[in-house]
Amino acid sequence: MTQSPLEFGAQPDLAPTEQVMVALDLETTGLDNKSDRIIEVGAVKFRGDEVIDTISMLVNPHRQLNRFIIGLTGITQADVDGAPSWDSVVTDVAAFIGSYPMVGHRVSFDAGFLKSHNAPTRGPLYDTYELAAVLMPEGPDYSLGGMSSRFNFTHENPHRALSDALATRDLFLMFVERMNQLDSAVLRQFGRLGSGGDWTVGRLATQLLDSAPPNKRRTLLAPPGIDRNELSSRLRVEATESSTIVNPAATEAIEEVFAPDGILSQNLPAYEHREQQVKMAAAVSDAINDGSHLVVEAGTGVGKSLAYLVPAALRALSGGGTVLVSTNTINLQDQLMTKDVPAVESVLEAMGIPKGTLRVSQLKGRANYLCFKRWLHAQATEGTDFDTSRVLGKTLNWLQTTETGDRGELSLPRYESAIFSRLSAQGAMGCPSPDGPCFLRRARFAAQTAHIVIVNHAMLMSDVAMGGGLLPDHSALIIDEAHHLEAVATRHLGFSVNQQQFEGEITSLQGERGVLSDTVRILTGKAPSGGDRNGVIDDINGVQGDVGRARTAIGEFYDLLATVTNKLTGGSGYEARITSGTRAQPAWSNLEIAWENMDLATGSVETGLRKVHDRVGRALPKDNEEAEAANLNLAAAVDAITEIRSGLRKAIVEPEAGQIYWLNSQQNDSVITVNAAPLRVGPILQEELFARERSVVLTSGTLSTGDGFERLKSAVGLSGGRELDLGSPFDYKAAALVAIPQDLPEPNQQGYPAAVHAAIRDIALATRDRTLVLFTSNSALQTARDALKDELGAHGIRVIGQGQDGTPYRIMSQLRAEKEIVALGASSLWEGVDLDGTSIKTIVIARLPFPVPSEPVFEARSEQYDDSFSEYAVPEAVMRFRQGFGRLIRKSSDRGALVILDSRVANKRYGERFIAALPDCRIERGTVAGLGERVKKWLNW
């Protein structure tokens, strides 16, 4: 059906693909629609696949463009200086848009600029970002460029308005088609979630239903669009009998599996025999079979994952019990599950064990799993905000297929993570019924019946903190990425809370959609009228009054805490350690009084909530999911408030011996966080982990500081045990150059930043190949980016910086995708996974990675040493330094250069400890002059 291009709005009688719409994109001088200006407009008028018309025009903003905008868009000052002003084109732009529905990627940005520039939109708005977030719940990249690349849409000029508008139109049509494939019950729920406002997904879903034929609107699914029987079937884990599948004697011949002509060699095409891997596999096998502890450092290229997974599988299959594997990063967990476990299955299959016999599962903490009851209850709540609607819509779509309910499958920005937490199994420990779909129950059952269970260090430390009970019974524990164990233990055996968190827990109780009002609503609808129900409602009304007083007291406490923090730091710092001297100051006495007032007020809330929770459990029917969910929400609130009050009590008035306490606020953020951590985690881990575990294997590519494992063992509390330092099978002498210019200023001397920038520029221009520069501070990184981006960009070399140009994941993705690129990284990029077959040619270490002396945990632990610099600071820095070097040579065919721009490594006595900790590389000490050419010569050898 064709309609003349008259001015109309939503065209409700037509399907979305039959409506005339306008996809639009603006390029601007900045993000503030009140002070910034439009510099380019691109728009396409379309009806389904038909392009009706396009416009594309540059606009003169009558101001200078900044370097970021020029670099991002490619639009120059000369381009806009010769363009017409906005006043001369605004009428044409407004006429082109008319009252047609407008499509954009984060369309509110474009609509806001049009409104502030006297061209307000009159038709409905459709946001392809919102559609992507719900219809592509797994993400990970919702950027227009990322999605265009993923779906092979034509997008020739990213960040130019018309090209972006055309790509947005293609995305919109694809999402309309995806949404059209969903069951009508799902679409109906999307519409319901959007009924409280102008939400893109809800409006589009309603239009699709309204324009659909009657048979398309029918559904067999109950609200909110989930086939519960199918979901329960999907979550079912078959019970299996424990049996001995492998002859226990097979575990004694582990060397034969890894031999040059052994099973691995015969069944894995890319397998390379490595003597270090054979030694590690044999040592791991001995440890987990004999019941001993083992520390093994396996350098890059050893293949440590297979070296511990094969012995673990053989032990478990021989009736020796489950083996637990703990990692620090999601990336390694994914590698184990998708790459290494299938390789182990191939080995087992060659040994005559059928594929699928080995059962491997992942197990995470409660907060990682969706609670179906709480989620179902939230879907029934009226009047949700856009962020909540997005998360509920995203999870509804995801629940059609997920088998795990694990939040790791979702792309959740920080503000969505907080919403997911309220839907998770965190705080649902009192869940009263063992029936119905439950992702946590499924994960735990799968773990109880698995041969190998993969967890992360955070969950391992949570189990330690609780004294056990979270993890399945197991006969051996393998801790990979063990160099992170001390840091993770420090975080998870400590405490951290800020004002927003505390106020958020209290605020969640209030309002029409708050926990207390929600409980009243359910009581009114589900509980029999009479004394019990009326008594609970009276109790809830009492708590409502306590909540208001608690919010006031929390605000007063944190206001005073901010004042105290400002005094402690002299107004110039962001961290302040709480010591005995701190507590002796007069201001601290005032803070203790404010804390007491706050604790009394929040204690009244906690007591009232406990009473309400107890009485609601008796008043509501036992077999109603909505009632159960309401009581779970009450229990979660009680647990959160109890934990926060306990932590603040210790930090403010009842400090425990052996704990470090400190205050901090983020840069440009006035929110104060109260923190606590153990002074030493070693004694805790010794008693609660190593003394209780039959066998523990600690492994990583970097565990020593070049002089053995005593530093690690002391830090994590391991005494005794076997030790094995395997090094790497790579020929570093032939593969890696370490270049040390000795004539650079030291980091704290005048001229150092400029010298570093000049050296990076020289290397980039000479090599024109992937370069990763590692910094120890974000400010130094940003300064380097500002100094290098335009100059190297003029030579066709991109400069990207972590933070301003994306997350660590995005930075590494761009480093993988492009050759002539310089990536600037901070702390999280000093270690990481491979670039999927692509190698980094040059790694530049701008500054030796010494810890910040004033960092509270480091400062407190330093006080335990006679010579803290030599005994503690240097070993910490050496470990980090080795991790940075480890990013260079990832496979035997790699060739690369490490450039150290900190002359202290050559000119200070302790510098030799850094060089000695590296493998046997080609070391070249010289001057900064000609540095780039020397690196280029090495790479092109």
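## Labels and their grounds

Mentor: The buried residues of α8 are covered by elements including α5, α7, α9, α10, α17 (372-379) and α18 (386-398). Contact here means heavy atoms within 4.5 Å. The model is predicted, so local features need pLDDT of at least 70 and side-chain atom pairs count only at pLDDT 80 or more, while totals for chains, interfaces and linings use all residues. Residues are numbered from 1 along each chain as its sequence is written, and side-chain values use heavy atoms, with hydrogens and water left out.

Trainee: What makes α8 mostly covered?

Mentor: Eight of the ten residues of α8 are buried. Buried means under 20% relative accessible area, exposed over 50%, and partly exposed in between, with a 1.4 Å probe and protein chains only. Among the buried residues of α8 are Ser 184, Leu 187, Phe 190 and Leu 193.

Trainee: What is found at the start of α8?

Mentor: A side-chain oxygen of Asp 183 comes to within 2.8 Å of the backbone nitrogen of Ala 185. A polar contact is a pair of N or O atoms within 3.5 Å; within protein, one must be able to donate a hydrogen and the other to accept it, and residues adjacent in sequence count only if both atoms are side-chain atoms.

Trainee: Why is α9 called largely enclosed?

Mentor: Nine of its twelve residues are buried, so α9 is largely enclosed by the rest of the structure. Its cover includes β5 (125-127), α5 (128-135) and α10 (214-217).

Trainee: Why is Met 179 called buried?

Mentor: Met 179 has a relative accessible area of 0%, so it counts as buried. Met 179 sits in helix α7. Setting aside residues up to four places away in sequence, Met 179 touches residues including Leu 187 and Phe 190, as well as Val 201 and Leu 204.

Trainee: Which residues touch the most other members of the largest nonpolar core?

Mentor: They are Phe 172, Met 179, Phe 190 and Leu 698, in a core of 89 residues. The most residues in this core, nine, come from α7. A nonpolar core is a set of buried Ala, Val, Leu, Ile, Met, Phe, Trp, Tyr and Cys residues joined through side-chain atoms within 4.5 Å.

Trainee: Which are the edge strands of the open sheet?

Mentor: The sheet has five strands in the order β3-β2-β1-β4-β5, with mixed pairing. Its edge strands are β3 (50-58) and β5, since each pairs on one side only. Two strands pair if DSSP finds at least two bridges between them. Strand β2 (residues 38-47) and β3 run antiparallel and are joined by eight bridges.

Trainee: Is Asp 894 buried or exposed?

Mentor: Asp 894 has 6% relative accessibility, so it counts as buried. Asp 894 lies in the loop between α36 (868-885) and β22 (896-900). Its side chain reaches the backbone nitrogen of Arg 890 at 2.9 Å, and a polar contact of 3.0 Å joins the side chains of Asp 894 and Lys 891.

Notes: Helices (H or I, at least four residues) and strands (E, at least two) are DSSP runs, numbered from the N terminus.
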